[in-house]
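Student: I have a structure to read. Where do we start?

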Amino acid sequence: MSDEDNRDERDDESMKIPETLPILPLRDIVIFPFMIVPLYVSRERSIRAVDAALADNRMILLATQKRQEDEEPGPDDVYGVGTAAIIMRMLKLPDGRIRVLVQGMARARVLASETTEPYMRARIETVAEVEASGPEGIELEALTRNVKGSLEKAASLGKPISPEVIVIATNMEDPGRLADLVASNLDLKVESAQEILETVDTRKRLHRVYEMLTKELELLIVQQEISTQAKGEMERTQREYFLRQQIKAIQSELGEGNEMSEEISSLREKAEKARMPRSVREELDRQLKKLERMHPDSAETATLRNWLDWMVSLPWGRSTKDNLDLTAAQRILDEDHYGLEKVKERIIEYLAVRKLKNKMKGPLLCFVGPPGVGKTSLGRSIARALGRKFVRLSLGGVKDEAEIRGHRRTYVGAMPGRIIQGIHQANSNNPVFMVDEVDKIGADYRGDPSSALLEVLDPEQNNTFRDHYLGVPFDLSRVMFICTANLTDTIQPAFLDRMEVIRLSGYIEEEKVGIARRHIIPKQLTEHGLTGEHIVFTDKAIRAIIGGYTREAGLRNMEREIAAVTRKTARRVAEGKASQSKITPASLKRYLGAPKVLPDEILKKDAVGIATGLAWTATGGDVLFVEATSMKGKGRLTLTGSLGDVMKESAQAALSYARTHSRKYGIRDEYFAAHDIHVHVPEGAIPKDGPSAGVTIAAAMISIFTGRPIRRSVAMTGEITLRGNVLRIGGLKEKLLAARRAGIRQIICPSLNRNDLEEIPGHLKRGLELHLVEDVERVLALALEPHAETRSSHGRVAARPFVHRSRSKPINV
């Protein structure tokens with residue numbers, strides 16, 4: 001036997017498919033027998049599988065993954081039927097991957113997985129094809145001819161099939177191999193291709209391939225029809241363009257203008273009158289030249305026209321003349337609003353400086369206060385006093401930065417932001433611009449509107465504000481921006497730092513009566529078509545509405561109730577009952593029903609363990625009762641009433657203070673270990689938080705420990721420390737208003753709030769006895785009654801068990 005014969009025998013042996021092969025999992029492709037395909041291998045286990053195949057007999061099993069996203073597939077994650085292939089060539093790439101050229105040899109079924117590390121390896125068997133015979137053989141021959149013809153037709157309709165494949169398919173006699181060849185060139189989905197691979201019966205496989213090829217032909221025909229239609233449309237557009245050019249030439253010869261040139265001339269005239277800055281005018285002229293070269297009916301032309309309309313209609317150089325008469329401005333502010341002296345003073349100061357210096361940047365004010373105190377209406381009044389246009393922008397719930405800066409022109413339906421829209425609406429570059437509800441701005445994936453407002457509202461930056469839609473700077477430095485908010489806690493710190501905060505507190509009853517007389521009642525009579533001959537409100541009736549039907553720091557609910565009374569009176573007048581309606585407290589029930597609000601009342605008598613505190617909310621001040629009790633137990637502290645973390649910590653600090661100073665107040669040391677303490681703040685459905693109830697909780701606790709009643713005529717507020725110091729609190733004016741409303745005249749507050757008291761108007765403090773304290777000892781001396789044999793609310797003697805036996809007199813703190 002020659003060497004050549006020996007080599008041929010060895011080649012035949014090497015082509016035999018072994019019973020065990022490494023597995024190479026494939027993604028997004030199914031390899032058919034006799035296909036020659038390059039593959040890129042990057043996964044570590046797959047590279048080891050290729051190396052093992054090359055080291056052995058170059059044979060490997062190509063199996064497609066069931067889930068293409070799996071990075072480390074196991075034996076159950078690949079299909080059970082694959083293709084046994086031989087690796088013809090391998091090349092290592094610089095990035096660590098390898099490129100292999102493989103040729104499919106035969107279908108193979110996985111019988112059992114032998115190992116998964118360092119690569120997957122399985123025991124397999126080759127799958128023999130089922131050949132057709134007899135009548136089925138004739139059908140198979142017909143199918144073969146149809147498949148060959150359809151493949152040629154698909155290629156002629158534009159299917160990307162190489163001529164070599166068409167030639168091979170035309171000359172191929174084996175129907176099984178023909179089915180595999182066609183399936184590999186149809187760009188099938190993985191599931192469909194795997195179905196073809198797993199079909200062993202030659203006739204069925206070829207029939208299924210023919211069905212898929214027929215569907216592909218239908219798609220190609222529809223695709224060709226669409227392409228033909230689009231080509232015809234494009235030719236029609238080109239024909240129309242040439243015709244329009246001819247019309248344009250004819251009009252030019254006749255001396256007739258066209259619509260586009262007239263529009264461009266009009267835009268240039270408006271641009272001359274707009275007095276734009278030089279850089280803006282240069283950009284406008286550049287875009288006008290671009291418009292002259294564009295087709296009138298193109299989409300881009302419509303977008304550019306819209307942008308040019310916005311540019312020439314903005315008030316670049318238009319402004320209103322300020323009313324610098326300080327006396328007249330003061331009179332207008334007084335006519336529109338009752339009180340609010342601090343705000344009025346700030347506006348008059350601005351006008352005074354504006355009178356002395358012509359060019360100055362507008363201030364950035366922020367009115368903070370409860371709902372209904374007149375923040376928004378105050379902005380309108382300021383605009384009227386200054387003689388400027390007024391624009392209002394509500395930002396409550398706004399989450400998209402584009403609402404402020406606008407959208408870029410490339411987007412369909414793009415528009416400028418709401419700042420530029422407001423300036424356009426005012427038709428003046430120096431309006432009073434009110435930005436409402438800045439504390440309710442949101443933020444999400446589209447950006448943070450608060451950050452966008454930093455540039456808008458900062459006087460140092462807004463002279464070059466650049467809206468995304470305009471793309472050129474606009475000067476906002478002459479605009480007077482006024483923001484409003486109910487709280488400052490939710491405003492971004494950097495944003496808050498740029499604003500001058502002016503706080504508007506709630507109104508007392510006397511102020512509400514005056515506002516109702518001067519503003520609300522005349523307004524409602526006018527809106528309902530009534531006069532003073534039809535209805536008269538007495539002062540007592542107005543006070544009854546304030547106290548019995550509303551509980552608010554502002555005026556909205558009071559206005560609604562007065563409107564309800566005037567509506568019912570208007571009905572009486574419309575029905576012909578012309579007698580004058582005199583509104584008194586007694587007749588209010590007939591108009592408004594039973595009172596809706598029970599007035600805040602102090603306790604009916606001094607009690608042990610119940611202290612009166614003062615709270616502040618977004619809607620104004622309120623009276624808060626703190627209850628404390630003790631029972632036999634193991635020294636646990638229970639806190640109820642929907643208390644927040646800060647308030648719970650205040651209660652713990654108050655208890656620690658009481659335990660530290662127990663001897664001073666005559667409390668036995670062993671008392672705390674033998675009793676549980678429960679602190680409750682009524683109206684448990686309402687969440688409560690903050691440190692200012694610290695002294696109130698301490699007074700309630702020490703009252704229950706010592707049995708000394710707390711004076712019901714005293715209300716208190718202040719934060720407590722472990723050393724017994726009383727720290728400064730906020731919302732003092734609102735708390736004083738709440739105490740007045742409840743009829744409490746003695747108020748304990750921190751001495752550190754002395755400066756705040758000086759800023760509160762004198763008529764609000766009139767009739768109140770204010771005690772400024774520095775420590776808890778002084779609070780207890782003012783709030784607790786002296787020692788007496790006093791019974792607690794649950795009927796037991798509360799004084800004796802907690803007093804040292806050695807003391808014969810009550811402790812006078």
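Tutor: Start with helix axes: lines fitted to C-alpha atoms over the stretch in contact, with angles from 0 to 180 degrees between N-to-C directions. Helices (H or I, at least four residues) and strands (E, at least two) are DSSP runs, numbered from the N terminus. This is a predicted model: local features need pLDDT of at least 70, side-chain atom pairs pLDDT 80 or more, while totals for chains, interfaces and linings use all residues. Residues are numbered from 1 along each chain, and side-chain values use heavy atoms, without hydrogens and water.

Student: At what angle do H11 and H13 pack?

Tutor: Helix H11 (residues 326-336) packs on helix H13 (residues 375-386) at about 155 degrees, and their axes are 8 Å apart. That makes the two roughly antiparallel (over 145 degrees; under 35 is roughly parallel, 65 to 115 roughly perpendicular, the rest oblique).

Student: Which residues of H11 and H13 meet?

Tutor: Contact means heavy atoms within 4.5 Å. Among those in H11 are Ile-332 and Leu-333; H13 brings residues including Ile-382 and Arg-384.

Student: How many aromatic pairs does the whole structure have?

Tutor: Rings of Phe, Tyr and Trp (its six-membered ring) pair if their centres lie within 6.5 Å; planes under 30 degrees apart are stacked, over 60 edge-to-face, the rest tilted. The search finds six pairs. Trp-316 and Phe-474 have ring centres 4.9 Å apart and planes at 50 degrees, so their pair is tilted. Those two residues are 158 residues apart in the chain.

Student: What about Phe-672 and Phe-705?

Tutor: Their pair is edge-to-face, with 5.2 Å between centres and 85 degrees between planes.
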